[in-house]
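Good morning, and thank you for making time for this presentation. I would ask you to look at the sequence and the structure together while I speak.

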Amino acid sequence: MLFDKLKHLEKLRRKALKDPQLEPSLAPFFAAPLPSHDSPLRNLDFVALDFETTGLDFAHDKVLSIGGVKMHGLQIDFGSCFHHFLVEPECCINPQAALINQITPEALAQGMSLNEARDFLIDTLHGHIIICHAAVIEHSFLFNMLGLKSSFPLPLIFLDTMKIERSLIHRPQGKEDLRLATIRQKRQLPPYVAHNALADAVATAEVFLAQVKDVFGKDEPKLGPLFTRSC
């Protein structure tokens, strides 16, 4: 049941907060209570988040850049946009990845250290609902970046615009194209530069707003139905 999933995550968060093995720097990240399934979206804070990485091997690949924008309720705060490169001295950039995301060694040399990025994400994301396209990517890399033990949860609720979009297809025609750019094109949203962490985060936030309208129509938008579609 939906209620049980959210309630269980909140229970794990509270348990981890009391665990003496929780790293002190992570305590603020675990301190914010999670909203319930009945929470109206107008009362919630969100971060649309995107990572550009060297690949999709969560155990070995690295995050090259992080981009995002905050939202309060159903309003995007464009003044809150952030876009940071990460410095990974031991990491060799995959030439194919660099060709796609245009992130060069020179750009990374001006970026944050992993510890700085870690602190930034803890400060920025706590107390927010996270919106991603294919959220398993950001969830998995974030878990690794924070150095969380397997016994601890990631104390955040993720809403996945890719899964929400799939749930809105009433008559699937085989393998649907659920890429962010394709969804935007179908919804007649303007194209953005692809494989740029900030541009993809803003693009995801805009798709999310369109999906909320599709899911709820004139009804009060609440967290639960979107979370259920994201699971």
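This is a predicted model: local features need pLDDT of at least 70, side-chain atom pairs count only at pLDDT 80 or more; totals for chains, interfaces and linings use all residues.

I begin with what covers one helix: the buried residues of α6 are covered by elements including β1 (45–53), β2 (63–72), α5 (114–125), β4 (129–132) and β5 (158–160). Residues are numbered from 1 along each chain as its sequence is written, and side-chain values use heavy atoms, with hydrogens and water left out.

Helices (H or I, at least four residues) and strands (E, at least two) are DSSP runs, numbered from the N terminus. Buried means under 20% relative accessible area, exposed over 50%, and partly exposed in between, with a 1.4 Å probe and protein chains only. How many residues of α6 are buried? In this helix, residues 135–145, eight of the eleven are buried. Among them are Ile 137, Phe 141, Leu 142 and Phe 143. After α6 comes Gly 147, with a positive phi near 65°.

Let us turn to the sheet. Five strands form an open sheet with mixed pairing, in the order β3-β2-β1-β4-β5. Its edge strands, β3 (75–85) and β5, each pair on one side only; two strands pair if DSSP finds at least two bridges between them. From one strand to the next, the twist averages 25°. Strands β1 and β4 run parallel and are joined by three bridges. Val 47 has Ile 130 in β4 as its bridge partner.

Two helices lie across these strands. Helix α6 lies across β1, β2, β4 and β5, at about 85° to β1. Axes are lines fitted to C-alpha atoms, for helices over the stretch in contact (heavy atoms within 4.5 Å), and angles run from 0 to 180 degrees between N-to-C directions.

Finally, I come to Glu 206, which lies in helix α9 (residues 197–216). Is Glu 206 buried or exposed? Glu 206 counts as buried because its relative accessibility is 18%. Its side chain is joined to that of Arg 184 by a polar contact of 2.8 Å, a polar contact being a pair of N or O atoms within 3.5 Å; within protein, one must be able to donate a hydrogen and the other to accept it, and residues adjacent in sequence count only if both atoms are side-chain atoms.
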